[in-house]
Structures are given as C-alpha cells and as structure tokens.
Amino acid sequence: PPRIDSGSTAEARDRLTEWLRDRMVEQQFRTETDFGPRTVPESILAAARLRRGHVVLQDVSTSLTYRRLLMGATLLAPQWERIMPPSSTRAGVLLPNVNAMPVTLLSLWSLGRVPAILNFTTGPTIMLACARLAALTHVITSRAFLEKARLKIELLAEAGLQFVYLEDVRKKIGGGAKLAAALGLARLPAPRVNDPHAAAVVLFTSGSEGTPKGVELTHANLLANVRQMLAMCDIQDHDRIFNALPLFHSFGLTAGLLLPLVRGFSTFLYPSPLHYRIVPTVAYLQNSTILLATNTFLNLYARRAHAYDFHSVRYLFAGAEKVQEATAAAWARRFGVRILEGYGATECSPAISLMNGSTLENDLTPCRPIVSSNSLRVWATPVRKLSMSVEPLACSSPRSRLSMTGRRSLSSRSAP
C-alpha cells in the first residue's frame with residue numbers, strides 16, 4: 001500500500017481505496033490474460049459453450065444465437081478451403097454491419113486465415129491500393145450489398161482480385177452438410193493458430209496522414225483491449241450494445257463486435273450511423289444499454305431523438321474525434337447520459353484511455369470510466385513495435401502527456 005505521511009483521514013482513505021481498486025482491476029486483467037483463452041476464436045468458443053442458446057447477434061433482418069453463429073461458421077469454413085489456395089493466408093472482406101460479417105470472420109479464423117476488412121467508403125482506387133498492400137487475391141462480399149451500396153468493383157476485378165459472393169457460396173452448401181451442422185455432427189474446426197501474437201485481422205487507417213496504412217492487429221492486441229474494457233466497466237449479461245459504427249474501423253470491430261462476443265452479451269449491428277432519425281428509434285426499440293458513436297453522430301442524434309429514446313443507455317462511448325462541450329452538455333441535460341470520450345489509434349486496437357466528460361462544470365477531467373480521478377489512466381495494449389510512456393506536465397498541472405512511438409503496420413505489397 002502507498003505510504004501516506006500527510007493529509008486528512010478522508011484523503012488517506014480515498015487514496016487507499018483507489019490504490020486497492022487499481023490492484024483488483026489489474027489482478028482481474030492479468031488473470032484473464034495469463035489463464036484465459038489465448039486467441040479471439042478460442043475466446044468466442046469459450047463464451048459459446050456457456051450460453052449456446054443466447055441471442056448474441058442481431059441485425060435489421062435476423063438474429064443469431066451462439067449455436068447458429070457456430071453453425072454458420074462451420075458451414076462456411078470448408079467452402080473457403082475449397083475456393084482459396086493454401087498459400088493465400090489473408091482474405092479480403094467487403095461487407096457491412098450484418099450478421100454475415102462475424103460469421104465470415106469466425107470461419108476464416110478457424111482456418112488460420114487472416115481477414116483484411118476493406119473500407120468500402122473510400123472508393124475503388126483506395127480499396128485497390130489497400131488490397132495490394134495486404135497482398136490479397138480473394139475478396140468475400142455480397143451481391144446484394146454491392147447493389148444497395150452502389151459500389152463499383154470493376155477496377156478491382158480488372159486488377160486480378162477474385163470476388164467470392166456469399167450468395168453463390170450459400171447455394172453450394174448441401175442439405176446434408178446443413179443437417180450435420182444442425183445436429184452437431186459437423187463442428188467448427190479447432191482454431192489452427194494458437195499463437196496469441198499471430199495476426200488476427202488487418203485493418204486500414206483512415207488516411208488522414210496520406211495513403212491509408214495497413215495495420216496487423218494480433219490476437220493478443222484485440223483480447224487485451226477487450227479485457228481492459230471488461231476490467232474497467234461493469235458489463236452485465238443483460239447488456240445490449242447498439243453498434244452502427246462500421247466494422248472496418250477498430251472502434252466498431254473491437255468494442256461493437258468482439259467485446260460482446262467474448263463477454264457473452266448481445267449486440268445489434270446497424271448498417272449505417274448516418275440514419276440520424278432512425279438510429280434513436282431503433283436504439284429505443286432494442287432497449288440498448290451501451291451506445292457507440294462519434295461527436296458528429298451524437299450531435300445529430302440529439303437533435304432528432306425523443307427525450308426517452310436513450311432512457312436505457314448506461315454507457316455511451318465516443319471516439320474517433322473530439323467530443324465538443326456542447327454535445328456532452330446536451331446529452332447530459334436532455335438524456336441524462338454522460339459521454340465517456342475515448343482516445344486511441346488503430347494500432348492500439350483501438351482504445352488507450354477514456355475521459356469522463358463532466359461538461360456541466362465546464363471541465364474535462366481525464367480519468368477511468370466509473371471512478372473519477374485527476375490523473376490519466378493508461379492501460380498499455382501489447383502491440384508489437386509500439387511503446388508508450390506517460391510523462392507529467394508542469395508541476396501546476398494535474399494532467400499528463402502520453403507518448404507513443406512505433407507501429408505495427410504493413411509496409412509493402414509482399415508484407416508477411
């Protein structure tokens with residue numbers, strides 16, 4: 001325990017209480033890291049064994065229990081082996097926020113393949129550059145999605161990329177295979193990759209610094225961030241995430257999809273955060289308790305939502321851009337929800353810290369979620385070739401400077 005030589009009894013009690021909480025949170029995180037599943041698919045399978053009948057995934061048209069999620073992945077995995085050569089270790093994925101996305105990801109992970117999720121909002125030229133950077137030969141997508149999104153893929157096809165359509169793959173799955181999967185006679189192959197430091201997914205940065213970079217996130221990266229969130233937030237079995245953030249973004253992927261799949265609670269995948277009038281209504285109908293968004297989206301939702309639309313929200317995590325004081329104040333006053341503003345980077349999978357936006361006092365206090373503090377709390381994610389340090393500023397300032405160096409990124413077309 002820390003040595004306390006001065007101060008009042010109340011101050012000493014607060015310091016000791018915070019020290020004890022830090023030790024308990026760290027112990028939970030270290031225990032799960034040292035003794036829990038080592039890879040993302042292993043973690044999902046462990047949660048599925050505990051709640052096989054739980055509805056863990058929903059989109060605008062379907063719902064999936066863990067059992068149906070595993071069935072879908074079991075049926076898709078042999079199809080990828082038949083279509084893609086063994087030398088093709090990465091597979092492009094071009095899909096929106098629908099249940100087919102996590103089913104596809106889990107089927108690829110079971111085969112030891114690394115999904116590279118393409119950002120379909122960047123246009124064909126940037127997507128082609130990203131595909132070349134990740135050395136992709138096949139891209140999994142859907143004809144229905146390409147038609148609704150009006151995506152032009154001719155440029156990518158002319159460059160030699162082979163598109164695999166889920167509609168075609170589904171037709172090739174026979175009734176016998178479906179029956180075997182339903183009866184449990186056919187099961188998802190045991191994950192072939194047991195190394196937590198092996199690549200789990202390739203994401204691409206926004207390109208704010210020029211050409212988008214390809215970032216390999218390992219299983220350890222993703223699970224560390226998930227376990228950090230679980231250690232800091234009191235997530236319950238009955239919680240429900242509303243995720244309209246795209247899964248090609250690390251925020252949407254880690255917090256909006258992997259967190260509920262690993263923990264065992266529900267997530268609702270909505271295809272676009274731009275439906276400002278619809279999103280509040282759907283969040284209300286789904287009785288969502290956790291919401292993910294950016295400042296821009298939150299500001300527009302607040303203008304169009306009924307005061308009761310977000311009555312069930314317990315946690316509101318915002319990232320990707322700075323939360324304006326007016327936005328935080330509007331949500332606090334109108335909906336009674338405090339925004340927890342996250343800071344992070346794609347290379348950190350993505351969260352580094354959270355800020356408790358107490359704008360009612362016209363102040364932003366860096367802190368952990370749940371418990372207020374005047375110091376910056378950083379849980380360093382074990383990203384390879386990435387080091388972090390926290391340095392105090394001037395003695396009169398309670399704030400700290402976060403320094404980060406290095407990144408784990410793809411640097412060439414033939415990157416391993």
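A crossing of two helices is called left-handed if the near helix is turned anticlockwise from the far one by less than a right angle, and right-handed if clockwise. The structure is a predicted model, in which local features need pLDDT of at least 70, side-chain atom pairs count only at pLDDT 80 or more, and totals for chains, interfaces and linings use all residues. Residues are numbered from 1 along each chain as its sequence is written, and side-chain values use heavy atoms, with hydrogens and water left out.

The crossing of helix 13 and helix 14 is left-handed. Helices here are DSSP runs (H or I, at least four residues), as are strands (E, at least two), numbered from the N terminus.

Contact means heavy atoms within 4.5 Å. Among the residues that meet are Leu 298 and Tyr 301 in helix 13, and Trp 331 in helix 14.

Asp 239 lies elsewhere, in the loop between helix 10 (219–232) and strand 9 (240–243). Asp 239 counts as buried because its relative accessibility is 0%, the limit being under 20% relative accessible area (1.4 Å probe, protein chains only). Beyond its neighbours within four places in sequence, Asp 239 is in contact with residues including Phe 265, Thr 289 and Arg 314.

Notes. Buried means under 20% relative accessible area, exposed over 50%, partly exposed in between (1.4 Å probe, protein chains only).
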